[in-house]
Amino acid sequence: MEKFEKLVIRIKEKLGDKKVGIIYFAIIAIITLFFMNILKGYKIERQEREDSYNKALYNFIGDISNIKNEMLKLKITTNDTYTLTTLASVFAKANSSISNLSTLPLSPNITEKINMYLTQTSDYSYTLMRAILNSQELKEDDIRQNIDLLYNKIDELDKALNSLYIQINEKGIKWNELKEEGDNILNDQITDIDSTTSGKIIKPFTDYEGIIYDGAFSNHILSLKPKSLSDRIISQEEGESLLKDKFETMNVQFIEELNGQIELYKYKVDENEVYITKQDGKLYQMIGNRKVEEKKIESKEAIDNAKEFLKKWNIESIEQTYYQEMDNTLTISFAAIQDNVICYSDLIKVKVALDNGKILMVEANGYIFNNHLRVINPVNTEQTAKEKINPNLNIEKTRLALIPTESKDEVLCYEFLGSIEDKKFLVYINTASLITEKIYILLDTQGGTLAI
Amino acid sequence: MKKIAICLFLCLLLIATIVYSKEAQSSIYTDVPSSDNMVELLARLINAEARGESYSGQVAVGAVIMNRVKSPLFPNTIAGVIYSPGQFSSVADGQINLPIEEDSSVYMAAQDAINGVDPTSGALYFYNPSKTKSKWLFSLQTVTTIGKHVFAKER
C-alpha cells in the first residue's frame, strides 16, 4: 500500500497536477461509460423478458376466451361433425394455454389451480372426440353436465383474466409487481378446486414417452388402490426377517416408514435401499448406487439373473419386453403373463450390473398396483382383427395383450408385430370393438429398443 | 490519499463488474429439445439441487420432477416443469448450468428417475428447511427426509 502511494506521488510529481486531473477525469469517464453500457444491456434484457411474458399473457388470455366460446358452442350443437371440429379446437387451445401458462411468473398455487382446469378440459375433449369417432354410445346428460362444469370454470378464469388485463393496461402493473397483483386478482375470482372432481382427473398426455426405453406402456397411470396386495399388514420385524431370508444376509436395518402414494417400509440391506409394501410385504423398490466399471457378462446372463431374483419374490409369470444398456448396466422391463396374455400394466424394471451380475435396481410400482387375476375373453377372432390392419404390414407375430388406456382401464387387444419397408410397428386392435387402440413405432437404438 | 482510495475503490468495482458480467454471459444457454437432452436436463437439475446428497437423495429430486410431469397440476414435459418460473432456486440463480463433474452419479440418478424409481413415493414438492421461510411449504405433509431435503405432498 505504501509503495503504491509512493508510486502515485512520484507519477504526480512527474506529470504535474493538470495531467493527473485529466487522467482522473478519463478514468471516471470510462467507468461511467462502462456502467451506462451495463445498464443499457440490463434494460434490454429486462425488456426482452417482459416482452416474452406479455406475449404469453396475451396468448393465454386469447386461448381462454377462445376455449370459452367454443365450449359455449358445444353446449348447443347437435351435429357430430361440428362437435368433433369444435372439440379438436378446444383440445388444441387448452394445450397451447397450458404451455403459455407455464411461462408466466405467477405463484405456484395459482398456476397449479389453473393447470388443473385446463388439463381437465384438454383430457375431456380428447376423450369425447375418441368416443364420437368410435361411435360409442354417449350418455348425453353426463356430457352436458361435465361440459357445463368445465364451462363454468373456464368462464370464471376468463373473467378473472379480463380484469387482470384491464388492470395491466390501465394501471400499468409492472411484471415484477404482477406476481402479487396477479395473485390477488386471480385468487379472489377463481374458486378452489372442487375436491370431489379433482380426484377423477387423469393426465394421459405426458410428452416423455420417447425417452423411456422400457416399452410402450410404461407411462400408464397407476390405479389408485394397489390391486396385487391383500389386506394383511406386516410388522417392521416381519419385514426385516423377510428381507434377511430373501437377500440371504443378516445385514438388514429398518430405516423408516413412508406414507406417500402407498404405505412402505424402507430398509437398508447391505449397501442397498429396499422398500417393501406395508400391506402384504411385497418388494416395491430397490435402489443401489454402485458404479459399474466394466462389462464382464452378456445380456442373456443378466436377464437370467433378474428372473432368478424375481422368482425369489414369487414373481414368475413374466416376460421381458424391452431392455436398455447404459454404463455397464442392463435395465430390463418385465410384464406379467396370464394365460399367455401379456399384461402391459403390470411392469417391473430390474437393473443388473454387468460386472458381477448382481441386481442394482428394482422398480415394481406398476406390478404392485395393477397385477391381479383377470377374466380374459376375446370377443372376435384373430382373423377378424387382422382384416382391420393395413394390408401392407408384414405381420411377423400376433398375440393377445392387455393394454392400459388413458382412462385408467385396460382393454384386451390383438398385438400385431409387423413391418413396412424397414420400419417395425406394433399395432393393437381391440378384440371387442375392433378399433385400433394404439400404434407404436419400434426403433433400435444403441441402448435398446425404443417404442414411440 | 482520499483520491487514491476512491480510485482504488473504483478499480475494484470495475473488476467486479467485469467478472460479474462475464458470469452473466456464460449462463445464457439454449436448449434444443431431444430425448437425450431431457436426461441431460434432468441430470443438470439434480446436479444443481442435490450434488452433495446421497444417491437416493439425487434420485428423489429427479423423481419429484417426474411426478410433476405426470400430475395434472404441472406442465407435461420435463423442460416445462423445470423451467416454470419461480419453481426451482437453481434455475433462478443459474446453478442449473453448472458443469457436471466427470464421475458424478447424477446421470444415473436421472435415468433411474425417468425409469420410475421414486424414493419419495409420489412427492410433488421438496425443500431445504434451513433455506426456506415459506409457510406454505412447511404446511405440506412430509413424506420423507433425505439428507438436507424434505419431500412432501399436499395434505
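This is a predicted model: local features need pLDDT of at least 70, side-chain atom pairs count only at pLDDT 80 or more; totals for chains, interfaces and linings use all residues.

Me: What does "buried" mean here, and what are examples of buried residues?

Reply: A residue counts as buried when its relative accessible area is under 20%, and as exposed when that value is over 50%; partly exposed residues lie in between. A:C343 has a relative accessible area of 0%, so it is buried. A:C413 is likewise buried, because its relative accessible area is 0%.

Me: How many disulfides are there over all chains?

Reply: The sulfur atoms of two cysteines must lie within 2.5 Å of each other to be counted as a disulfide. By this rule, the count over all chains is zero.

Me: How many helices and strands does chain A have, and how many are in chain B?

Reply: Chain A has 11 helices and 13 strands. In chain B there are seven helices and three strands. Read from the N terminus, the elements of chain B follow the order α-α-α-α-α-α-β-α-β-β. Of the 155 residues in chain B, 52% are buried.

Me: Which residues form a nonpolar patch on the surface?

Reply: The patch consists of A:F4, A:L7, A:I11, A:L15 and A:I23, which together have about 390 Å² of accessible area. Helix α1 of chain A, residues 2-15, gives the most to the patch, with four residues. A:I11 is found in this helix. Its relative accessible area is 40%, so A:I11 counts as partly exposed.

Me: In which sense do strands β1 and β2 of chain A pair?

Reply: Strand β1 (residues 252-259) and strand β2 (residues 263-269) of chain A pair in the antiparallel sense, over seven bridges. With three residues between them, β1(A) and β2(A) form a hairpin.

Me: What should I look for in the backbone angle phi?

Reply: Most residues other than glycine have a negative phi. A:N314 is not a glycine, yet its phi is positive, at about 60 degrees. A:N314 lies in the loop between α9 (299-312) and β5 (318-326) of chain A. This residue counts as exposed because its relative accessibility is 62%. A:D327, also not a glycine, has a positive phi of about 45 degrees. A:D327 is placed in the loop between β5 and β6 (329-338) of chain A. Its relative accessible area is 46%, so A:D327 is partly exposed.

Me: Where is A:P391 found, and is it buried or exposed?

Reply: A:P391 lies in the loop between α11 (382-386) and β9 (394-404) of chain A. With a relative accessible area of 76%, A:P391 is exposed. Along the chain, A:P391 and A:I420 are 29 residues apart, while their C-alpha atoms are separated by 9.9 Å.

Terms used. Residues are numbered from 1 along each chain as its sequence is written. Chains are lettered from A and ligands numbered from 1 in the order in which they are written. Side-chain values use heavy atoms; hydrogens and water are left out. Helices (H or I, at least four residues) and strands (E, at least two) are DSSP runs, numbered from the N terminus. Buried means under 20% relative accessible area, exposed over 50%, partly exposed in between (1.4 Å probe, protein chains only). Patches are made of residues with over 30% relative accessible area and no salt bridge: like charges are joined within 9 Å, nonpolar side chains (Val, Leu, Ile, Met, Phe, Trp, Tyr) within 5 Å. Accessible areas come from the Shrake-Rupley method with a 1.4 Å probe; for residues, only the protein chains shown count as cover. A salt bridge is a side-chain nitrogen of Lys or Arg within 4 Å of a carboxyl oxygen of Asp or Glu. Two strands pair if DSSP finds at least two bridges between them.
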